[in-house]
Every structure is written in C-alpha cells, then in structure tokens.
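The entries follow the order in which I looked things up.

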Amino acid sequence: MSFDPIVQVSVSEQVAQRLLTMIRAGLLKPGQQLPPERDLASMLGVGRPAVREAIRGLALLGLLRIRQGEGTFVGSLEMRELLEPLEMVIELNAGTLESLFDARLVIEPGVAALAATQISDEDIVRLHALVDDEQALLGDPETFSAADMAFHETIIDACENPFLQSIANSLYLLGKKSRRVTSQVDGVLERSLQDHRHILDALEARDPERAAQAMRQHLCRVRDAYAASVVSAESAVTANDEDAAVAAHAATNI
C-alpha cells in the first residue's frame with residue numbers, strides 16, 4: 001500500500017482562496033475596492049508578498065482589477081470578462097478550438113429546438129430586425145459579427161433555461177477567434193445570413209426539429225469554413241518556406 005504525499009498549499013494560494021470565498025459569498029461585490037495591500041496582509045495575518053501574488057493571480061483571471069494609482073477592485077464578474085483568459089488558451093491551441101466547435105454542435109441545436117417551443121413574438125421581431133441588419137452589413141465583417149452575436153444570444157435567451165443559457169453563452173463567447181477568421185472568408189457572411197434566415201423561419205414556425213437541424217447545418221458550415229481557412233493559411237506558409245529554401249539554395253550556388 002502506498003500513500004501520496006500531502007501537498008502544502010502556499011500562503012498566496014490560501015489568500016487567493018479566501019478572497020474567492022468572499023466574492024462567492026457576496027462579501028466582496030463587483031466594483032468594490034479592496035483594502036490596501038498592507039492592511040489586507042495585516043487582516044489576514046500574512047506577509048505583503050503573499051497578498052501581492054494572490055492579487056496578481058486573481059487579476060489575470062479577471063476577478064480583480066488593478067488600477068494604477070487607485071488600488072485593487074473586484075471585477076465586474078460579467079461572463080464576457082471572466083472568459084477572456086480561457087479565450088486566449090483557445091486561440092493558442094487549434095485543437096481546443098476544434099473541440100469548441102464539437103461542443104457547440106452538441107449544445108446549440110438543442111437550445112434552438114427548446115427556443116422554438118417557447119420563443120416570444122417580441123423575440124421573433126428582434127430576430128427579423130437583426131437579420132435585416134446583417135443584410136445591410138454584408139460589406140462590413142466586424143459589424144456583421146456584432147449582429148451575428150446578438151442573433152445567437154437572442155435564441156439562447158429564448159430557451160429560458162438558465163443552465164443551458166450559461167453553457168451556450170460561454171461556448172459562443174469563446175468562439176470569437178473562429179468568427180474573426182471566418183468572417184474574412186469569401187462568401188461566408190452571405191451563407192451565414194442565409195442560414196440565419198432558415199433558423200428564423202423554423203423558430204417562427206415553432207418547429208423544434210427544423211430549428212435544431214437549421215442550427216446544426218449553420219454550425220457545420222462555419223466549422224468547415226474555419227477548417228478550410230486554416231488549411232489555406234498553412235499551405236501559404238509552406239509555399240513561402242519552400243520559395244525561401246529555393247532562393248537560399250540558388251544563392252549558395254552563385
């Protein structure tokens with residue numbers, strides 16, 4: 001029989017955990033200023049370096065905001081801001097982005113199906129307005145993306161399930177990189193607009209199966225467009241490397 005050694009938790013980790021517990025309990029609220037490092041260290045009975053390290057770690061996660069000359073404040077705790085560090089991880093790992101697409105394909109068609117059963121007339125009107133906006137913004141990928149995000153968020157909100165809303169919104173917000181890439185691919189915005197019209201038609205008909213299928217088709221097209229753009233970029237890099245190698249070889253034989 002063997003036993004794993006007991007791992008000691010550093011003082012800075014204990015400080016970070018204490019602050020996290022206070023944030024979860026509502027004792028530290030969004031926008032609230034923390035006491036100065038010296039005072040916080042005294043309150044917790046630890047050294048200032050441990051407090052400083054804990055604050056920096058939580059700031060990297062977006063839970064705290066350090067304002068030079070003002071102090072440290074609890075972050076807004078909005079989902080968009082809290083997902084920023086994870087978004088960076090996804091951008092640095094192409095395989096992770098592929099997994100994100102897989103997750104969206106599992107979740108979002110189901111969300112669309114549920115939304116179709118309980119979407120309000122007001123939401124339908126809003127979706128029509130967003131599709132009209134997209135039509136007018138086909139030549140402006142960045143602004144089109146904002147309307148695209150609002151379209152998906154409206155559907156997610158319409159499903160009226162807080163758990164699915166949290167998961168679906170998180171997955172959608174984490175896909176910023178793929179949207180930045182695919183929005184520049186020829187024909188993608190036009191296809192997305194067409195897909196959105198099909199999704200809207202299914203939602204307006206209150207047809208869950210059609211809504212799920214339309215959403216699934218849309219996500220598959222976006223995924224395929226992203227994959228094609230990555231392959232194209234890699235091929236361009238390879239071609240450039242080969243041209244450079246040929247030039248270098250020629251130079252050595254002059």
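What share of the contacts in the protein chain with a separation of 6 or more comes from residues 24 or more positions apart? I found 69%, where contact means heavy atoms within 4.5 Å.

Ground rules. I am working with a predicted model, in which local features need pLDDT of at least 70 and side-chain atom pairs count only at pLDDT 80 or more, while totals for chains, interfaces and linings use all residues. Residues are numbered from 1 along each chain as its sequence is written, and side-chain values use heavy atoms, with hydrogens and water left out.

Confidence. I looked up the pLDDT, the predictor's confidence in each residue on a scale from 0 to 100, and noted that the protein chain averages 82, with 75% of the residues scoring at least 70.

Layout. I counted 12 helices and 2 strands in the protein chain, taking helices (H or I, at least four residues) and strands (E, at least two) as DSSP runs numbered from the N terminus. The order from the N terminus on is α-α-α-β-β-α-α-α-α-α-α-α-α-α. Of the 254 residues, 35% are buried; here buried means under 20% relative accessible area, exposed over 50%, and partly exposed in between (1.4 Å probe, protein chains only).

Core. I then turned to the nonpolar cores, each a set of buried Ala, Val, Leu, Ile, Met, Phe, Trp, Tyr and Cys residues joined through side-chain atoms within 4.5 Å. The largest has 34 residues, of which Leu127, Phe151, Ile155, Ile199 and Leu203 touch the most other members. Helices H6 (94-118), H7 (121-136), H8 (141-158), H9 (162-173), H11 (188-204) and H12 (208-252) each supply at least two residues of this core, and H6 gives the most, with 9 residues. Apart from this core lies another, of 15 residues, among them Leu28, Val51, Ala54 and Ile55.

Leucine 203 and isoleucine 124. Leaving aside neighbours within four places in sequence, leucine 203 is in contact with residues including Ala112, Ala116, Ile124, Leu127 and Ala211. Isoleucine 124 is in helix H7 and counts as buried because its relative accessibility is 5%. I noted that the C-alpha atoms of isoleucine 124 and leucine 203 are separated by 7.7 Å, although the two are 79 residues apart along the chain. Not counting residues up to four places away in sequence, isoleucine 124 also touches Arg206, one of a set that includes Ile119, Leu200 and Glu204.

Loops. Arginine 206 is in the loop between H11 and H12 and is partly exposed at 33%, and its phi is near 55 degrees, a positive value in a residue other than glycine. Glutamate 160, in the loop between H8 and H9, also has a positive phi near 55 degrees, and at 55% relative accessibility it counts as exposed. For context, most residues other than glycine have a negative phi.

Cysteines. How many disulfides does the structure hold? I found 0, a disulfide being a pair of cysteine sulfur atoms within 2.5 Å. Cysteine 159 is buried at 1%, whereas cysteine 220 is partly exposed at 24%.
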